[in-house]
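This briefing goes through one protein model, topic by topic. Please keep the sequence and the structure in view while reading.

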Amino acid sequence: MALDITAIKALVKECLSIIQTATAKDSEIELLINTAISDMERIGIEIDLSSSLQKAAIINYVKGNFGMTDTNTKELCMKSYNLLITSLQLMV
């Protein structure tokens, strides 16, 4: 089942300080969102894009892998992602 990622993409762009009308990085953002979703499904998390925890996990995943930003920030985002998916896993 394909998910509609339009709303989460808008939220991710906002968190990355990218204006909504800019489309140059949409393919990369969509790829990273779908990768985060696939990773969560892989470990048994049922995807619910209205879940605040899942939104936060996806945002952290994208921020941890997007573009050429500060390595320390990327590492912190990936640690946050891993903590969030561990919490989500425990909720199953």
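Helices (H or I, at least four residues) and strands (E, at least two) are DSSP runs, numbered from the N terminus. Thr 73, for example, lies in helix H4. The model is predicted: local features need pLDDT of at least 70, side-chain atom pairs count only at pLDDT 80 or more, and totals for chains, interfaces and linings use all residues. Residues are numbered from 1 along each chain as its sequence is written, and side-chain values use heavy atoms, with hydrogens and water left out.

- Relative accessible area sorts residues into buried (under 20%), exposed (over 50%) and partly exposed (in between), using a 1.4 Å probe and protein chains only.
- Thr 73 has 38% relative accessibility, so Thr 73 counts as partly exposed.
- Between the C-alpha atoms of Thr 73 and Lys 63 there are 8.3 Å in space, and the two are ten residues apart in sequence.
- Leu 88 is also placed in H4, which covers residues 71-91.
- Leu 88 is buried because its relative accessibility is 5%.
- A contact means heavy atoms within 4.5 Å. Not counting residues up to four places away in sequence, Leu 88 touches Met 40, Ile 45, Leu 53, Gln 54 and Ala 57.
- Leu 88 and Gly 64 are 24 residues apart along the chain, and their C-alpha atoms are separated by 18 Å.
- Asn 60 belongs to helix H3 and is buried, with 15% relative accessibility.
- The residues that Asn 60 touches, not counting those up to four places away in sequence, are Cys 77, Met 78, Ser 80, Tyr 81 and Leu 84.

**How the helices pack**

- Axes are lines fitted to C-alpha atoms, for helices over the stretch in contact, and angles run from 0 to 180 degrees between N-to-C directions.
- Angles under 35 degrees count as roughly parallel, over 145 as roughly antiparallel, 65 to 115 as roughly perpendicular and the rest as oblique.
- The axes of H3 and H4 cross at roughly 150° and come within 8 Å, and the two helices are therefore roughly antiparallel to each other.
- Where H3 and H4 meet, the H3 residues include Asn 60 and Gly 64, and the H4 residues include Cys 77 and Leu 88.
- H1 and H2 pack with their axes 10 Å apart, at an angle of about 115°, and are therefore roughly perpendicular to each other.
- That contact involves Ile 8, Lys 9, Val 12 and Lys 13 of H1, together with Asp 26, Ile 29, Glu 30 and Ile 33 of H2.

**The nonpolar core**

- A nonpolar core is a set of buried Ala, Val, Leu, Ile, Met, Phe, Trp, Tyr and Cys residues joined through side-chain atoms within 4.5 Å.
- The largest nonpolar core has 24 residues, of which Val 12, Ile 33, Met 40, Ile 58 and Val 62 touch the most other members.
- Two or more residues of this core come from each of H1 (6-15), H2 (26-42), H3 (52-65) and H4.
- H2 gives the most, with six residues.
- Ile 33 touches Ile 5, Ile 8, Lys 9, Val 12, Ile 58 and Val 62, not counting residues up to four places away in sequence.

**Cysteines**

- A disulfide is a pair of cysteine sulfur atoms within 2.5 Å.
- Searching the whole structure gives zero disulfides.
- Cys 15 is in no disulfide, and its nearest cysteine sulfur, that of Cys 77, is 9.9 Å away.
- Cys 15 is partly exposed, with a relative accessible area of 32%, whereas Cys 77 is buried at 8% relative accessibility.
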